[in-house]
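Hello,

Here is the structure I promised to pass on to you. Have a look at it first, and then read on for my notes.

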Amino acid sequence: MARVSKILLCLLLAAALLAGCGPAVSPTEPPATEPGKPATEELLAQIAQLGASPDDNYRVWYEIFVYSFCDSNGDGIGDLRGVISKLDYLRELGVTGIWLMPIHPSTSYHKYNVSDYLDIDPDYGTLADFDDLIAECDKRGIKVILDLVVNHTGSEHRWFRELQEYLEFLPADMSLLDPKECPYVEYYNINTTGGSGYGRVPGSDFYYECQFAADMPDLNLASEALRGEIRDIMQFWLDRGVAGFRLDAAKEFYSGNTEKNIEVLRFLQETAASLKPDVYMVAEVWDTFGQITEYYKSGIVSIFDYPFGNSSGKIVEMIRGAGNSDKISGYAAALEKADKAYLSSNPDYIDAPFLSNHDVGRIAGFVGRDPAKTKLAGAMNLFMGGSAFIYYGEEIGMVSGGSDDPSKRAPMYWNAQRGDGVTAPPPGCALPEEYPFGSLEEQKADNGSVYNYYRQAVAIRNALPVISHGRTTVETALNQGCVSAQRKTWGNENCILLMNISGEAADVDLSDYAGWKMAASLSADGNDITQEGSVLHLSAFGTAVLIPNS
């Protein structure tokens, strides 16, 4: 318990000042703050110094769509230099990892149709800019993972263009395809009959699989030669300092064939680990709880926890059912069930919870643009085990202006003037008529903002690694009414997370927890969370963290 007792002072201060909560013990006076400066600043710095997370892959990862993040040169498009300029902002937020959506040359704004895996799209910068980004991230203790898109390439990739040129001179006869003449006949799925999800190779009588779009030819991941190329791609970027990869569309490597998809994931995980033993790999498997449990048998480190994220996930389900005790009582049990199931498939798994991403709407929209619900959703995500993912702008409650993909990737709202790095919208993006909680610039000065709430939540998570590393069980005695209670256990360390998933305040009886103390809390509605004797008063949508007395 040494780590917990060492940071108790800081967390008690955080409970008192950061969230407007009055802890049972106030061991010292809080530091003074400058007029107009948020009172959170000094305390968050103390938490960061006293409770830094271990140097492993249990991190707070921040997903960045570079196009819409920060424009450093005034051309309207975000770039790597823009990301570098915002690293101090990310560190202040408490982020310890960055996931960069595709940054390779591409013919699309989203860049998921890769033309060259070993370079940077000119809109975003150069390899030298990338190297500078890695160096600056290293200085701040921030790891970087890249989107690795190997379900398909872009139709302008050299492999596909050379295949196209080869097929132009052949009659429609599969027996004539010779890998010695063109190795890329093995890289793609080619036939002479077409079919659903196939397109005609321009200038020939052959067809190629393209399940997503005509400019995204699917790769044949059974090809050993192709697997060698993928290994070289990984090696190239790992040598440049990346920590790992996010694997796009892992369920579609062989659409509808879980067994084959698992085999490919196993190959990708084992290959990456052979190049970098502590590599971090997280896969997109947009599927059910049962299927994700099955996919963990591949040995992949992380899979995005879709059963808890997105508009249909458990977190939004709970918040939409706020005040329904029958529903709320099952939340901690769902967390425990998932933890045990994933662990049974892969004892080394690291969960990857998220709320929203570039393919779905934004969390603030899912919960009706309600500030308290938006905040609590953030805490529920960040206080799940494993590696928590934040989609850029989520920390300020950004919303989407439309349901199409470009509108889900709107410019980061740095300031209301749309200057200082704010990008132009990507093609086809509809901006919302208004952002319900204001820009980052406006929210920084408001202690009660969504942004400052996120900073508090991230700081508490980083200060108490038991939150991210611990195994989850229901704390049955406290899991009552609309208060969800879960215990996290990591070695000899324990904490209890209490979340009032209700628009009404709630009292929690701690008579049987005399050896526990409220270490920190998060107020979503601005009202105090206090402990008087054995009674903990949780405000509406409030969260409290209990730890054992030292």
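Arg362 places its charged end over the ring of Tyr392, 4.9 Å from the ring centre. There is another case of this kind: Lys86 lies over the face of Trp414, and here the distance to the ring centre is 4.1 Å. Please keep in mind as you browse that this is a predicted model.

Now to the rings themselves. A pair of aromatic rings is described by the distance of the centres and the angle of the planes. Counting ring centres within 6.5 Å of each other as a pair, the total comes to 31 aromatic pairs. One of them is formed by Phe65 and Tyr67, which are stacked, with 5.8 Å from centre to centre and 10° between the planes. Phe65 and Tyr67 are both buried.

Another pair to look up is Tyr413 with Tyr435. Why does this pair count as stacked? The ring centres of Tyr413 and Tyr435 are 4.3 Å apart and their planes meet at 25°, and planes under 30 degrees apart count as stacked. Tyr413 and Tyr435 both lie in the loop between β10 (388–391) and α16 (440–444), so the pair ties together parts that are 22 residues apart in sequence. Tyr413 has a relative accessible area of 11% and is buried; Tyr435 is buried too, with 9%.

Ring pairs also build a cluster, made up of Trp61, Trp99, Tyr280, Trp286, Phe304, Tyr306, Phe354 and Phe389.

How much of strand β1 is buried? Five of the five residues in β1 (residues 60–64) are, so the strand is largely enclosed by the rest of the structure. In a regular strand the side chains alternate between the two faces of the sheet. In β1, Val60, Tyr62 and Ile64 are on one side, Trp61 and Glu63 are on the other, and both faces are covered.

Which strands does β1 pair with? One is β10, which pairs with β1 in the parallel sense over four bridges. Strand β2 (residues 97–100) also runs parallel to β1, and four bridges join the two. Within that pairing, Ile64 stands opposite Leu100 in β2.

Ala334 belongs to helix α13 (residues 331–345). Is Ala334 buried or exposed? Its relative accessibility is 14%, and since buried means under 20%, Ala334 counts as buried. Leaving aside residues up to four places away in sequence, Ala334 touches Phe308 and Lys314. Between Ala334 and Met380 there are 13 Å in space, C-alpha to C-alpha, and the two are 46 residues apart in sequence.

Finally, two backbone angles. Asn310 has a phi near 70°, which is a positive value in a residue other than glycine. You will find Asn310 in the loop between β9 (302–303) and α11 (314–320), where it is buried with a relative accessible area of 9%. Arg418 likewise has a positive phi, near 55°, and is not a glycine. Arg418 lies in the loop between β10 and α16 and is partly exposed, at a relative accessible area of 37%.

Conventions:
Residues numbered from 1 in each chain as written. Predicted model: local features only at pLDDT ≥ 70, side-chain atom pairs only at ≥ 80, totals over all residues. Heavy atoms only, no water. Phe/Tyr/Trp six-rings, centres within 6.5 Å; stacked < 30°, edge-to-face > 60°. Buried < 20%, exposed > 50% of the residue type's maximum accessible area, 1.4 Å probe, protein only. Lys NZ or Arg CZ within 6 Å of the ring centre and 35° of its normal. Pairing = 2+ DSSP bridges. Contact = heavy atoms within 4.5 Å.
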